[in-house]
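Please look over the model below before reading on.

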Amino acid sequence: MSGVEEVRAWQQRLLQGVLRALAIVTLFAVLVGTFDSISRGQYWTVPFYWVSYAVVVLFALWRRAPYQLGAWSVIALLYVQGFIDIIQDGLAGSARVFMLTLVFAAAIFLGRRESIFAIVVSVLTLAGFGAAYSTGWLTIPGVTGVSDPTVWIVATFTFLMLSVLVSVSLNFLVPRLAAALGQSRQLAQELEAERAQVDVQVKERTTDLARRTVQLETAAEVARDAG
């Protein structure tokens with residue numbers, strides 16, 4: 001198994017662990033989110049919460065699910081939750097946390113191109129909602145400052161900075177981890193080959209020594225008989 005294959009196996013185990021943890025934790029979040037949505041009269045968000053939870057449970061129990069499908073499902077769910085949160089609370093909610101976690105998940109589970117795609121989608125989403133709230137196309141009753149374009153610009157660029165930092169860091173570390181694992185395995189294989197060669201040499205010398213010992217014993221017996 002190469003270093004890249006070892007990293008992928010590690011990613012698969014990590015994804016399964018994350019999905020199993022989410023299957024437990026997300027249930028409480030869905031219940032709270034459902035109650036909050038009903039109390040606000042935002043009934044349209046309730047199906048999203050429960051469909052998201054059903055998808056998490058499905059992939060947590062589906063052990064042979066395609067890795068790419070499971071990873072993209074997690075990323076899609078994070079985006080949907082961030083999307084809903086930004087509609088409900090604007091920048092006052094956890095939308096940016098979901099979006100940043102989305103970038104992290106894309107980088108750790110999929111790779112550089114996918115993490116760049118996640119950054120672009122998240123930034124465009126924040127910018128689009130910033131424009132919608134600033135122009136009054138969307139409003140959040142009882143939330144002040146949501147229509148201030150300066151707040152949205154600062155928040156979007158701050159998010160861009162943090163998401164780029166996360167993406168670059170992970171995309172720097174993961175390939176090097178794969179290379180280090182590959183080199184480690186190669187060294188282990190070389191050491192194993194050398195050990196096997198040494199064992200063969202020891203066996204050959206032991207056999208040769210036993211043969212010479214027999215020859216010496218035979219020669220000694222012949223000498224005794226001749227005397």
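Predicted model: local features only at pLDDT ≥ 70, side-chain atom pairs only at ≥ 80, totals over all residues.

The mean pLDDT of the protein is 84, with 91% of the residues at 70 or more. Where pLDDT is low, the coordinates should not be read in detail.

The secondary structure consists of six helices and zero strands, in the order α-α-α-α-α-α from the N terminus. The radius of gyration is 31 Å, whereas the globule rule gives 17 Å for 227 residues, so the protein is more spread out than a compact globule. The C-alpha trace spans about 120 × 35 × 20 Å along its principal axes. Of the 227 residues, 33% count as buried. The exposed surface comes to about 14,200 Å², and carbon and sulfur atoms supply 68% of it. Among contacts with a separation of 6 or more, 68% are made by residues 24 or more positions apart.

α4 has 15 residues, and the distance from its first C-alpha to its last is 21 Å, close to the 21 Å expected at 1.5 Å a residue. Its buried residues are A95, M99, L102, V103, A105, A106, A107, I108 and F109. After α4 comes G111, with a positive phi near 145 degrees.

α5 has 23 residues, which should span 33 Å at 1.5 Å a residue; the end C-alpha atoms of α5 are 33 Å apart, in agreement with that value. The buried residues of α5 include E114, S115, T125, L126, F129, G130 and Y133. G136 follows α5 and also has a positive phi, in this case near 85 degrees.

Which residues touch the most other members of the largest nonpolar core? Among the 39 residues of this core, they are L15, F109 and W152. The elements that give two or more residues to the core are α1 (3–40), α2 (45–61), α3 (67–89), α4 (95–109), α5 (112–134) and α6 (149–226). The largest share, nine residues, comes from α4.

W152 gives a view of the packing around one of these residues. Leaving aside neighbours within four places in sequence, W152 is in contact with I86, G90, L91, L126, F129, G130, Y133, S134 and V146.

Notes:
Residues numbered from 1 in each chain as written. Heavy atoms only, no water. Core = buried A, V, L, I, M, F, W, Y, C linked by side-chain atoms within 4.5 Å. Buried < 20%, exposed > 50% of the residue type's maximum accessible area, 1.4 Å probe, protein only. Helix = DSSP H or I, 4+ residues; strand = E, 2+ residues; numbered from the N terminus. Contact = heavy atoms within 4.5 Å. Expected span 1.5 Å × (residues − 1). pLDDT = per-residue confidence, 0-100. Rg over C-alpha atoms; globule rule 2.2 N^0.38 Å. Areas by Shrake-Rupley, 256 points an atom, 1.4 Å probe, with all protein chains shown as cover.
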